[in-house]
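Hi everyone, thanks for coming.

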Amino acid sequence: MSAPAAERGQWSSQIGFILAAAGSAVGLGNIWRFPYSAGESGGGAFVLLYLVCVLALGLPVMLLEISLGRATQKNPVGAIRAVRPNGPWKLLGYLAIATGLGILSFYAVIAGQVVAACVDFTQRIFTGRELFHSFGPTASIFFFALFTLLTVLVVAGGVQRGIERWAKILMPMLLVMMLAIIVRGLLLPGAGEGVAWLLRPDPSKITFEVVLEAMSQAFFSLSLGMGAMLTYGSYLSKKQNVLHCGGWVVFFDTLIAILAGLMIFPAVFALGQEPNAGPDLIFRVLPAVFGEMVGGTAVGAVFFFLLAVAALTSTVSLLEVVAAYFIDERGWSRTATVWAAGAVTVLVGLPSALSWVSADKEFFGWMDLLWVNLSLPFGALMLCLFATFVWGLRKASDEITSSSPEFRWMAPTWRFFVRVVCPIFIALILLTRFVPVDRLLRLLGGGT
Ligand code: TRP
């Protein structure tokens, strides 16, 4: 049973949607994952590929998700059913729900670490001592469960009351804070090397693996490939401009990722740290930068607080997808749904929380590979195919044009990207994960 449209929440304004969607997009993906991916994948070359993926794949898929959501006013499963009531396509909707929980289950672990870092810095302001020298398994599980609880409480409040309010005040503060940290980092002796490393592409670093990582990072950072933007688009009214909304979100998100790179890498080089430290990167580098700042302890406490809020507006969007499905399609109450989903998240996430404090973070790496590198690109690919062969790209572009007349002249290019460029590119890059294309090419080229 679908809930009648009048009972579904709606954003109070276009800016409300942009802030909430930007809140979903901007999060640990930009500030934690982007720097460590770039660090592991060779700096400038990765950044360049990332920007190409954002423009060529992210922007088209963003407009597609928002328009399908707004056209159907439904969650991922409902949206697909509204277009094609029977048949296997609805599995794509279920994959979206599973991916939402899957990502949430490890994302909230990192978010918990951010809260722990905030508590740690706050404690130091008052006592001058560190609270936890290294976070053990108990702390990891505790902060993970705490963060999941916070997410549950916000999503229980519903679309407008819960989500919009947060994003409005705190996101701009995060931006200001980042600028201050960047300035401090750039003033460290030797920082210039880090800027060059980040912005000057070295073509020899480009491999299929790096392209897959850049593509996955683009989808992850923009919250694409699992119906989060689709669900947020479903709360958008017919008057609101899909093109502007999507464009702004992509712009903000990319800006914050690049700024995060500028916040981390000059400091990495100036302080003699390793860029490829892995998922721990920001947790090692930032405290060292704060150590160099006047009032650094307070800066650390505020920064990690704001980062936790940015993470919260992202986890909220992950849980909202799951909630929207159970509420719209199964008629569950919002409260029951979010508490049940929160409990499942904590159970599923326990191994990730334990793995995070282990030396090799192996399980954590598997979750990241499964959901971010495989599920998101696959979901985006399938959505493009669904739009091309089932929904119809005409209908999709009419949906966008109806509120953004200036989209008319871009529509043919957009349809070309959704029909041809995105599916072929995503499919090929995903295949390279399973087929050793590098080696085949070398064989064909007569190499060793
Ligand atoms: N984009 C968020 C970030 O960068 C994470 C996120 C929230 C997400 N919702 C999502 C990722 C949906 C993929 C799909 O931190």
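Helix H13 (296–330) gives the most to the lining of the largest cavity, with three residues. Helices here are DSSP runs of H or I, at least four residues, numbered from the N terminus. A cavity is a set of points on a 1 Å grid over the protein atoms alone where a 1.4 Å probe fits but cannot get out, and lining residues have an atom within 4 Å of a point. This is a predicted model, in which local features need pLDDT of at least 70, side-chain atom pairs count only at pLDDT 80 or more, and totals for linings use all residues. Residues are numbered from 1 along each chain, and side-chain values use heavy atoms, leaving out hydrogens and water.

The largest cavity is lined by 16 residues, and among those nearest its centre are Phe 220 and Leu 318. Elements giving two or more residues to this lining are H1, H2, H5, H9 and H13.

So what sits in the largest cavity? The ligand does, meaning that more than half of its atoms lie within 2 Å of the grid points. Now for its polar contacts, pairs of N or O atoms within 3.5 Å. A polar side-chain atom of Ser 317 lies 3.0 Å from a ligand nitrogen. For Ser 221, a backbone N or O atom is 3.1 Å from a nitrogen of the ligand, while for Leu 28 a backbone N or O atom is 3.1 Å from a ligand oxygen.

Definitions and conventions. A polar contact is a pair of N or O atoms within 3.5 Å; within protein, one must be able to donate a hydrogen and the other to accept it, and residues adjacent in sequence count only if both atoms are side-chain atoms. On a 1 Å grid over the protein atoms alone, a cavity is a set of points where a 1.4 Å probe fits but cannot get out, and a pocket is an open set with protein on both sides within 12 Å along at least five of seven lines; lining residues have an atom within 4 Å of a point.
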